[in-house]
Every structure is written in structure tokens, then in C-alpha cells.
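Work through these exercises with the model at hand. Try each task before you read its solution.

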Amino acid sequence: MTAWEVIAGPKRLAPQREGVLDVREVRAQVREWVTPLGVADVDDLELVTTEIVTNAVRHTASGRPGGGVEVSVRLLAGQADTSASRVRVEILDDGVADGMPRFPVVDADPLESWEESGRGLAIVIALADRAGACQVSDTRAVQRWSVWFEMTVDLREARR
């Protein structure tokens, strides 16, 4: 059985721009962590990361002054006869959410997924191979959400 290898994190990221978590900086950090793996195209991975962090900013204390997120990146390397591997990115918010992450139903009417609320998670479902969320309690008894996604990546270039 193959195990997930920790590439980075969990690391608290709290770059601020005008008193709010700077989503662009978090996205850039994730790109920096996955690029050395040899992932040729990280654009979709970046976009999904952006959507999840943006939700944390909009709906949790991560969007308040001084807010941030904890980010982890893991790799599940493919077997020796294949280069297909999976990258898993986990985003843990600062808690105090005004609800729970609601992923759209895959077979639902696509136009419903593009409403103002929920568009980001529709993008996550469309681009990620797997995604989910679970509630986490911290030592202060604050309920936080860990939202994660997995994407299949080709690491052939990195193995040469």
C-alpha cells in the first residue's frame, strides 16, 4: 500500500492585503510547493485552491483582520509502471463559519451551480477528482472546516 507523502504543511498562511487574507499569496505558495514535484500544469490546481480559500475568506473568521488558513499539500505517488499520481491540498479555515461548505450535486442542473453563492464549489467539483470537507474542533472549542481536494497529476517529467 502506498502512503501519502507530506510535501508541505500544515502551515499557517496569513498574508494580509488591506486587512484581509490575501488569497493570491496563498495560491502562489501552493504553486511554489507543487512546482518542484514536476507537475507541468498547475493552473487547475491553483484555481481550485483559490476557490476554497476565497470561500474561507467570505464565510469564516479567515476573512477578518489577522485571519488566515492552514494549508497542507500531500502527494500519493503512482506505481513504478505509471506516472499518474495524486496531489491533495487541504485548507483549514479559522472557524466561526456561517454554515457548512455545500458541494453541488454532480448531476444537478449546471445553471443552478452558477448562482452567485456556490459557484466556487461548483468549480472545485468540476476540476478536482475528489473533494470534501469535515469539521474540526481546535483547543479553543472553535469549529473549523477542513476543505480538501485531490487532482491526478503526471509526474513523468520529474522522474526523468
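A crossing is left-handed if the near helix is turned anticlockwise from the far one by less than a right angle, and right-handed if clockwise. Helices (H or I, at least four residues) and strands (E, at least two) are DSSP runs, numbered from the N terminus. This is a predicted model, where local features need pLDDT of at least 70 and side-chain atom pairs pLDDT 80 or more, while totals for chains, interfaces and linings use all residues. Residues are numbered from 1 along each chain as its sequence is written, and side-chain values use heavy atoms, without hydrogens and water.

**Exercise 1.** Describe how helix 2 packs on helix 4.

*Solution.* 
- Step 1: find the helices. Helix 2 covers residues 43-59 and helix 4 covers residues 119-127.
- Step 2: take the geometry. The angle is about 150 degrees and the axes are 9 Å apart. Axes are lines fitted to C-alpha atoms, for helices over the stretch in contact, and angles run from 0 to 180 degrees between N-to-C directions.
- Step 3: classify the angle. Under 35 degrees counts as roughly parallel, over 145 as roughly antiparallel, 65 to 115 as roughly perpendicular and the rest as oblique. Helix 2 and helix 4 are therefore roughly antiparallel.
- Step 4: Helix 2 passes helix 4 in a left-handed crossing.
- Step 5: list the contact (heavy atoms within 4.5 Å). Helix 2 brings Asp44, Leu47, Val48, Glu51, Ile52 and Asn55, and helix 4 brings Gly120, Leu121, Ile123, Val124 and Leu127.

**Exercise 2.** Which hand does the crossing of helix 1 and helix 2 have?

*Solution.* 
- Step 1: helix 1 spans residues 23-34. Helix 1 and helix 2 pack at about 145 degrees, with axes 9 Å apart.
- Step 2: the crossing is right-handed.
- Step 3: among the residues that meet are Val26 and Val30 in helix 1, and Leu45 and Val53 in helix 2.

**Exercise 3.** What is the strand order in the open sheet of 5 strands?

*Solution.* 
- Step 1: the order is 1-4-5-7-6, with antiparallel pairing. Two strands pair if DSSP finds at least two bridges between them.
- Step 2: look at the edges. Strand 1 (5-13) and strand 6 (130-137) each have a single partner strand, so one side of each has no neighbour in the sheet.
- Step 3: The average is 15 degrees from one strand to the next.
- Step 4: zoom in on one pair. Strand 5 (residues 84-92) and strand 7 (residues 143-154) are joined by 9 bridges. Val89 has Phe149 in strand 7 as its bridge partner.
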